[in-house]
Structure formats: C-alpha cells, structure tokens
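Here's a quick tour of a ligand site and a helix pair. Have the structure open as you read.

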Amino acid sequence: MSFADKFSQNFLENDRYVYLLRGLGNTIVIAFFALILGLIIGFVVAVIRSFHDKTGKLKILNAICHIYLTLWRGTPTMVQILIMYYIVFVTVNNKILVAIIAFGLNSAAYVAEIVRGGIMAVDTGQFEAGLSLGAHYNLVMFDVIIPQALKAVIPALSNEAITLLKETSISGYIGLMDLTKGADIIRSQTYEAMMPLIGCALIYLVMVFGLSQVTKMLEGRLRRDER
Amino acid sequence: MKDDKTPMITVRGLKKSFGDLNVLSGIDVDVAEGSVVSIIGPSGSGKSTFLRCFNMLETPDSGTITYRGKDYSEINDVAFLRANVGMVFQQFNLFPNMKVMENIIWAPVKIRKQSKAEARKNAIRLLGEVGLEDKADVYPAMLSGGQKQRVAIARALAMEPEVLLFDEPTSALDPEMIGEVLNVIKDLAGTGITMLIVTHEMNFARQVSDKVLFMDGGTILESGTPEYIFSESTNPRIKAFLSKVINGPKNE
Ligand SMILES: Nc1ncnc2c1ncn2[C@@H]1O[C@H](COP(=O)(O)OP(=O)(O)OP(=O)(O)O)[C@@H](O)[C@H]1O
Ligand SMILES: [Mg+2]
C-alpha cells in the first residue's frame, strides 16, 4: 500500500480523522483548565507555605498543604486519576471534569513548590525595604515579592505546562477519548499502527513547540523591561 | 547642636544575641530631634543590628527604645512606626519590578493613601532634590549604583519620615559615585530630619555629624562630638581603628 493509500485509509475513510479532532479537542480542554486550576491552587498553597515560613503563623493550613504535597507528589499521576474516577468522584458522570480536577490537583502540587522556590529566591532585602516603608507583610508579598518570583519561575512553570499536556495522554484509562485514545481507536480499526500513532505524536510535538515559543516570547518581553 | 533638648529617642540597656553570640551587650544612647548621629566601628561590632532595632527589623532581647516618650515594646502598629522611621540600605533594595516613579509613589499611595497625582508631584520634587528628575520612567536596572541609592533616598523621603536610618549607604558603590550620594545626605542634614548613619566614610562622618558613636564588640565604646572622637579621644581601640581606616587600604 502506498503512503497516500495508508493516509486515506487511516484518516479519511469513514471520517476517521474525527477521532483525532475530537480527541485533540478534549486534550486541549483538559490540559488548559487543569493548568488554570493548577496555577490557582498551586499559587495559593505557595503563598500559605511562604507566609508560614516567614512568620510561623497559619500552622494548620500549612500542615494541610504539606500533607497534600506529600500525597500528590509521592504517587503516580496514573493512580491519582484512577482513584479520582473510581473512588472520589464515582458519582460524577462528566469524565472531562474528573480529568480536569485530577490533573489540576496533580499539577498544583508541582506549581506550589516551583512558586514557593521563586518566592524564597527573592532577596530578603526586598522584603525589608517594603516593610521599612511601612507596608504590611501581605502588601509587600503581592506588590513586590510575587511579581519578581513569578518572573523568575516562568521557565519552570512553562515546563510544568508541557509536562501536564503530555500527561493528559493517560486520560484514556478512565474511558475518555483524548488525542492519544483517538489515535489508538483508529489503530484498532485499521490494524495499522504507524499512521495514527506517529500522527498523534506529531500533534503533541507541535503543541509543545508552540508552548515553548510562547514562553520564550514572554521571557523576552519581561527581560527587555527590567534587565 | 540640639543636645540641650529632651532627646527624641532614648535607648537604654539594649541587648541582643543571635544564639550564643552577644551582638549588642547593653547600649545607652540619646538622639536629639533633627540631629545627625554617625555610628562607626569595626566590622561585626553590631552597628547594623543596632540600627535595625530602630525600625524593628530586629527585636532586642532586653532594654528599651523610647521614641517621643513611647516605649517600642508598647507599639502595636509596627508598620506605622516604620512609616515614620525610614531606612536606606547598603544594597539599595529598589524594587526591580517597578519603574523609578513607581518605586517612589508605591508607599505613599498604598500606605499613606495619597492620591496618585499628589504622590507623583512629590516624587518629581524629590527626584529633583536628588538630581534625577529625568529618570522617573526607567527601571532601576538602567541606573548606576549611585543613581540607585539616590532613588532609594528619595523613596524613603516620600513617606516624610521623622527619622531616617542609613546602613552603609555608600559601601556598595564604586568610588567615583560615593560623593554624589554623600552630598545628598549632607543636604538633608539640618532640614529637621533626624538621621542615624552607619558609615565607613570618616571624613563624611566628621563633617556631617552632631554626634558620633564608636561601637566595638556590641557596646558603645565612646560617643561624642566628631571633634572629640576623631581628634581628642585617647582610647587606643578608637585610635587604632581610625588610623587603619584612614591610612590603610579601603577595607574595614
Ligand atoms: N540574623 C543574624 N543571625 C545570626 N547572626 C547574625 C545575624 N545578624 C548579624 N549577625 C552577627 O552579628 C554580628 C554583628 O553583626 P552586624 O551586622 O550588626 O555588624 P556590623 O557592625 O554591622 O558589621 P559590618 O560593618 O560588617 O556591617 C556579626 O558577627 C554577624 O555575623
Ligand atoms: Mg553592617
């Protein structure tokens, strides 16, 4: 069979490309909203933990954050999504929603440590300068420390976004059709692995490339202003 | 000389240690309103720690600081005190994420609740006083060390503090920039603002100070007029220190 024939069989016959398209749509939705959720929760956890580190307050919240981080960073993402689907959200039918929450919570655990590292890396002189002008802790944190910390961790956060995007490829395990699952369905129908799997890999590759380009642009813009 | 007035700040029996290390071992000082007090002495003698007690960046273990009759230990609103007692740091500590103008108006707008327009007007005046009116719209990274420190002084002044603390304001500067910063500080002397200055610039301390404190090993070995400390004192530690700083290479 020629390349063109294989291509036509795998993607055009019976509109099989629709599996890839719908899968890609789900992958993007899951990755995008999980990323947003991860950034929000991770950010909050990082601020709580840093506040505790600096002031010794918020003991209980800090302990909760600590347990959360230990559990989510200490278990495989695969196991987490299965637990979420079959145990925690067993009554929820919306698989996409379950996947978003599972991947979001997983990503948040990593985002939290990245952002906390960024906050700790900001020179303590910045804190002292803010405080010595008469500002309260929170004001210095939000106006002075966090903007600098975020800028410093953009590359690490971008890495996390890329990892997250790729990890969503296990969504098939809860019966959800993401990009990977879509390609696999085609394979199981055509008995032809090469076309759908390489095609799917290429699509991931393009998305990852796009993400890293966006990061580069962001970094460049910030550097131009301040450095 | 303003030493005849009731002192604005009195320090009594101030002690502070970090673990086993006694950094301040009983300090007594009076600071008159509007005066300039220089703090000199060898490295590690506790100058910075002492200075940082005045805006509560450090909390002493015992002893008292009384500011206009009020004991620091009774102050609940630390931020309010700090707004009145400004600080200028060796490393400038400008906020790199804000332009010069934003650095200066940040605290007046966010803390004093000044309108942006009013704060900007003040900032422009202050930038004029430190000779940097054309730098309002640049980021600190674009400035030289001396310019950064002058912005830091303007930023501190924008809160209209009664007291201004300087911790080695010129020690991080290239030699050719030291003068421009010292001149700004000299201009502030006699304007009514009270200044405490930790410095290794002996000529400057001699010219600008009403009172000089010589610190050694966590105590004030001697205090007095610049004339006394720099010329008359016969204390061997002080004489040895001065001859080393003035004659020796620029180290401690
Ligand atoms: N936060 C801290 N924790 C532990 N030790 C400290 C701390 N801050 C200062 N010290 C120690 O206290 C001593 C006095 O420090 P300080 O910074 O007050 O001295 P200094 O007179 O300002 O010296 P320099 O001229 O080098 O700035 C030093 O031995 C220093 O290492
Ligand atoms: Mg010091």
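## Around ligand 1

Ligand 1 is surrounded by 13 residues, and the closest are Ser43(B), Gly44(B), Lys47(B), Ser48(B) and Thr49(B); a residue counts if one of its heavy atoms lies within 4 Å. Keep in mind that this is a predicted model, where local features need pLDDT of at least 70, side-chain atom pairs need 80 or more, and totals for chains, interfaces and linings use all residues. Residues are numbered from 1 along each chain as its sequence is written, chains are lettered from A and ligands numbered from 1 in the order written, and side-chain values use heavy atoms, without hydrogens and water.

Here are some polar contacts, meaning pairs of N or O atoms within 3.5 Å:

| Residue | Polar atom from | Distance to an oxygen atom of ligand 1 |
|---|---|---|
| Ser45(B) | backbone | 3.2 Å |
| Lys47(B) | side chain | 2.8 Å |
| Ser48(B) | side chain | 2.7 Å |

On its own, ligand 1 exposes 640 Å², and the protein buries 60% of that (Shrake-Rupley areas, 1.4 Å probe). H1(B) gives the most, with three residues.

## A helix pair in chain A

Over in chain A, helix H3 (residues 59-74) packs against helix H5 (residues 95-121) at an angle of about 115 degrees, with axes 9 Å apart. Axes are lines fitted to C-alpha atoms over the stretch in contact, and angles run from 0 to 180 degrees between N-to-C directions. From H3(A), Tyr68(A), Leu69(A), Trp72(A) and Arg73(A) meet a set in H5(A) including Leu105(A), Tyr110(A) and Glu113(A), with contact meaning heavy atoms within 4.5 Å.

Conventions
A polar contact is a pair of N or O atoms within 3.5 Å; within protein, one must be able to donate a hydrogen and the other to accept it, and residues adjacent in sequence count only if both atoms are side-chain atoms. Helices (H or I, at least four residues) and strands (E, at least two) are DSSP runs, numbered from the N terminus.
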